[in-house]
Amino acid sequence: MKHTQMNEITVKAYAKINLTLDVTGRLPNGYHTVKMVMQSVDLHDDLHLRRGGGMGIRMKSNIRFLPSDEGNLAVRAARLFLEQTGLPDDGVDIDLFKRIPVAAGMAGGSSNAAAVLRGMNQLYGAGLSAAELREIGLAIGADVPYCIEGGSMLAEGIGEVLTPLPPMPACHVVACKPPFSVVTAKVYARMNGGKLAIRPDTRGMLQALEAQDYGGVCHRLYNVMEMVTGSDYAEIGEIKDTMLDHGADGAIMSGSGPTVFGLFASEENAKDAAAALQGRFSETFITHIRNEKNQV
Ligand code: ATP
């Protein structure tokens, strides 16, 4: 689809949760190899992109402490898109409205970068394929290729080798970010190069998705990084326990944390769990599984 006349567009950048997260090894360049089942949720940021305002990339957002220069992954994505496509820079204004908690393990920054790539592809009528956008995205971060696609995906390699999976059965998701942030690289550094005693049953998770077995998915939620972040911060275990006490069918930490999410078949239980957490943790959200693929 070409939109050559367009000069502005609003794109949604969806958050992800990890149904499983395994670290399988470390490459000579220091990157870790992973095996993770990624799942989009409805919680999203909005990015309004407008072209034609002169030259250069300008950005503003509703979060004061986020960088608005090259330190912002959305800006980096816009610059790389222009460089890689060779399209002329006639000015891009990015207006970001964030809802996804920052530095939380929900791929907020990666998802913003992916949304800018998808949005600019449409805005400039560039016609790049999803595979081409994924390749540009990988230069920004290992989770960006997944965020181009969205939905349910197995991510391997450093996160860029993607296999589409059957949709995750619908359910309510409560996500709760305690008020501290973790540095992903530091968590990886403590993973012992992927030599771990306990690992997720990734194959079982794939079978549960294949069978649309919601209970099977909930029983196999597992994140190897929870051992590291959870041992540093008691809040991780406390949030999990609160969710499970209020009827979560399963609860784990997402990504390198510190966000913990719970899956709920019952809307009432999800609301009760969120209410129990909200007083103590203001960044508590009720959201839902999102299986639709993103448009490129
Ligand atoms: P992941 O799950 O991929 O590890 P995350 O949720 O842990 O991601 P992000 O929210 O992507 O972490 O942010 C990580 C860092 O990136 C933050 O310290 C933040 O300052 C920086 N950053 C740059 N651009 C953005 C953006 N558009 N949104 C959020 N954070 C950004």
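Modeller: What follows is a set of questions on labels, with the value behind each one. Keep in mind that this is a predicted model.

Colleague: Start with the whole chain. How many helices and strands are there?

Modeller: The protein chain has ten helices and eleven strands.

Colleague: What makes the overall size agree with a compact globule?

Modeller: Set the value against the rule. For 296 residues, a compact globule would have a radius of gyration near 19 Å. The protein chain has 19 Å, so the two agree. The C-alpha atoms fill a box of roughly 55 × 45 × 35 Å along the principal axes.

Colleague: What share of the residues counts as buried, and what is the cut-off?

Modeller: Of the 296 residues, 53% count as buried. The cut-off is a relative accessible area under 20%. The chain exposes about 12,800 Å², and carbon and sulfur atoms supply 50% of that area.

Colleague: What share of the contacts joins residues at least 24 apart?

Modeller: Take the contacts between residues at least 6 apart in sequence. Of these, 76% join residues at least 24 apart.

Colleague: How far apart are the mean positions of the positive and negative charges?

Modeller: They are 4 Å apart, for 28 positive and 33 negative charges.

Colleague: Now the salt bridges. How many does a search of the whole structure find?

Modeller: The search finds 17.

Colleague: Why is the pair D93 and R50 called a salt bridge?

Modeller: The rule asks for a side-chain nitrogen of Lys or Arg within 4 Å of a carboxyl oxygen of Asp or Glu. For D93 and R50 the N to O distance is 3.8 Å, so the pair qualifies. D93 lies in strand β4 (residues 92-97) and R50 in strand β2 (residues 32-51), so this bridge ties together parts that are 43 residues apart in sequence.

Colleague: Why is R50 called partly exposed?

Modeller: R50 has a relative accessible area of 37%.

Colleague: What makes K177 and E283 a salt bridge?

Modeller: Their side chains meet at 3.7 Å, N to O. The limit is 4 Å, so this pair passes. K177 lies in the loop between β7 (172-176) and α5 (184-189), and E283 in the loop between α10 (267-278) and β11 (284-288), so the pair ties together parts that are 106 residues apart in sequence.

Colleague: Are K177 and E283 buried or partly exposed?

Modeller: K177 has a relative accessible area of 7%, so it is buried. E283 has 28%, so it counts as partly exposed.

Colleague: How do you know that R290 and E292 form a salt bridge?

Modeller: The N to O distance is 3.9 Å. That falls within 4 Å, so the pair counts. R290, at 11% relative accessibility, counts as buried. E292, at 49%, counts as partly exposed. Salt bridges with shared partners also join R50, R58 and D93 into one network.

Colleague: On to single residues. Why is S111 called buried?

Modeller: S111 is found in helix α2 (residues 108-123). Its relative accessible area is 3%, under the 20% limit, so S111 is buried. Leaving aside neighbours within four places in sequence, S111 is in contact with A13, Y14 and C147.

Colleague: What makes E149 buried?

Modeller: E149 has a relative accessible area of 14%, which is under 20%, so the label holds. E149 sits in helix α4 (residues 144-149). Not counting residues up to four places away in sequence, E149 touches A130, R134, L162, K293 and N294.

Colleague: Is A185 buried or exposed?

Modeller: A185, in helix α5, has a relative accessible area of 55%. Exposed means over 50%, so A185 is exposed. A185 and H32 are 153 residues apart along the chain, with their C-alpha atoms separated by 9.7 Å.

Colleague: Last one. Why is E226 called buried?

Modeller: E226 has a relative accessible area of 15%, under the 20% cut-off, so E226 is buried. E226 lies in helix α8 (residues 226-232). Beyond residues up to four places away in sequence, E226 touches S231, I236, K240, I252 and M253.

How values were computed. Residues are numbered from 1 along each chain as its sequence is written. This is a predicted model: local features need pLDDT of at least 70, side-chain atom pairs count only at pLDDT 80 or more; totals for chains, interfaces and linings use all residues. Side-chain values use heavy atoms; hydrogens and water are left out. Helices (H or I, at least four residues) and strands (E, at least two) are DSSP runs, numbered from the N terminus. The radius of gyration is taken over C-alpha atoms; the globule rule is 2.2 Å times the number of residues to the power 0.38. Buried means under 20% relative accessible area, exposed over 50%, partly exposed in between (1.4 Å probe, protein chains only). Contact means heavy atoms within 4.5 Å. Accessible areas come from the Shrake-Rupley method with a 1.4 Å probe; for residues, only the protein chains shown count as cover. Lys and Arg count as positive and Asp and Glu as negative; His and the chain ends are not counted. The place of a charge is taken as NZ of Lys, CZ of Arg, CG of Asp or CD of Glu.
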